[in-house]
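Try each one on the display before you read its solution.

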Amino acid sequence: MGRRQAKDMNGKQITKLGFEKKAIALALTAATARERAGLGRDDILSELYAVKDNPEAYLSGGVYADLARELAAQNAKNRARQGEALRPTPLPYRIWGEDLIEPGATAQMDVAMRLPISRTGALMPDAHVGYGLPIGGVLATEDAVIPYGVGVDIGCSMMLSVLPLAANGLSTDEARALLLKHTRFGAGVSFEKNVRGDHEVLHEETWREQSILRHLYDKAAEQIGTSGSGNHFVEFGTFSLGQADLDLEAGEYLAVLSHSGSRGFGAQVANHYTKTAQDLHPNLDPAARKLAWLPLDTEAGQGYWQAMNLAGRYALANHDLIHARLARALGVKPLVQVSNSHNLAWKQLVGGEERIVHRKGATPAEAGQLGLIPGSMADPGFVVRGRGNAEALASASHGAGRQLGRKAAANTLAKRDVQAYLRERGITLIGGGIDEAPQAYKRIEQVIARQSDLVDVVGQFTPRVVRMDTGSEDV
DNA sequence: ATGTTC
């Protein structure tokens, strides 16, 4: 009779209870033990049902402990899987300058707005396709941060120094010589040891608080004050102020504008935590794989938040040193400096709730907040003042935005056309490449016009002598 | 964007 009962238990009953895979075997083992103890089939089934209903109550020991452990693990996995499911349709979000934005970028933003952690978002008029979140994307999440929602170049940022010198007070040759002497460009590049700069950011305790930061400290110290590659630049130009503002009189000033990020340090932080986030979400829809997030109440989430903010401060320190070297060489102190990060996440109140606002290639634009929106190596950039537009989560574009990808630019643009564009505007270029040609970017005037409800223009910067990294193909 | 990518 006992054998018949065991055979029955082996049959439909256990699967009927909803056990799967490993749990079936564990349930059978436990059931057999209870049979030997003299229990009948119905009693055993009701015990199994109770274990399934509340495995946590059976974890501490007894004949059902192994089964309870397996069921608890399965429940946790199912909960995690549920938490990773994308919404069937994207949450609504507003787009500025939709006529300037390629469909691929809105498609990426749609995926971001289907994440279970997403709450609100917006797309800026310079938007174009990126990894994960599009460049020009603004995304507010709840209690979670997305490493690729910030971008690989954590803390990428802009700085302008308005100098107490006439706009024509520096010759092209002098400007060239200063840029060559005091800036360094290129992947992997650092400053020579005898001229390496120092900055308070390198003396923060933060570097000692996680292993990845300890590991990357030396690289950060070697590379501080450098400019990297791609679209990063340092340039001399003319800052034009139509009316008194920024504690300056109206007029034209010599100015320095730079675009730089957190170099190898930030890139390695981004890659490390992106991998951590992806490992944490193995069942995430492949469409959203690059948008894997870290819950802020986990050690990994806190670790990323700390490292991201350090990379943000480090990137601004790079600008500080670049501008300090050039001002010192000219024997002047800047009259005014403006700077802003455009690849970062911030804690921000959105509709009265605390959200994590990711800006990946977007300028913070709270009411009254100053920001910098460059055009291209040969087009004007703008100092802007935010209007605090709530639907844009108080944001604006971070530049003109690409209209041609790097390969497309190299394949379709003619060198002589790029040279003519530079010559017509009186631009002297050191380094640079065809993939950074002005023609590869949207028209900055159009991009600015599409966001008149996000920012007011304060002044204009016109580049004159520009240094960039050597591109894939010279101009 | 970074040096050559788990």
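**Exercise 1.** Find which helices and strands each supply at least two residues of the lining of the largest pocket.

*Solution.* Step one: pick out β2 (118-128) and β6 (233-241), then α8 (211-223) and α9 (263-280); each supplies at least two lining residues. Helices here are DSSP runs of H or I with at least four residues, strands runs of E with at least two, numbered from the N terminus. Step two: look at α9, which gives the largest share, three residues. Bear in mind that this is a predicted model, where local features need pLDDT of at least 70, side-chain atom pairs count only at pLDDT 80 or more, and totals for linings use all residues. Residues are numbered from 1 along each chain as its sequence is written, and side-chain values use heavy atoms, leaving out hydrogens and water.

**Exercise 2.** Locate H398 and work out whether it is buried or exposed.

*Solution.* Start with the loop between β15 (395-397) and α11 (406-412), where H398 sits. Next, check its relative accessible area: at 13%, H398 is buried (buried is under 20%, exposed over 50%, with a 1.4 Å probe and protein chains only). Finally, note that an unreviewed UniProt entry annotates H398 as "active site"; such annotations may be inferred rather than shown by experiment.

**Exercise 3.** Which side chain does a polar contact of 2.5 Å join to that of H398?

*Solution.* Go to D126: its side chain and that of H398 make this contact (a pair of N or O atoms within 3.5 Å, one able to donate a hydrogen and the other to accept it; residues adjacent in sequence count only if both atoms are side-chain atoms).

Notes: Chains lettered and ligands numbered in written order.
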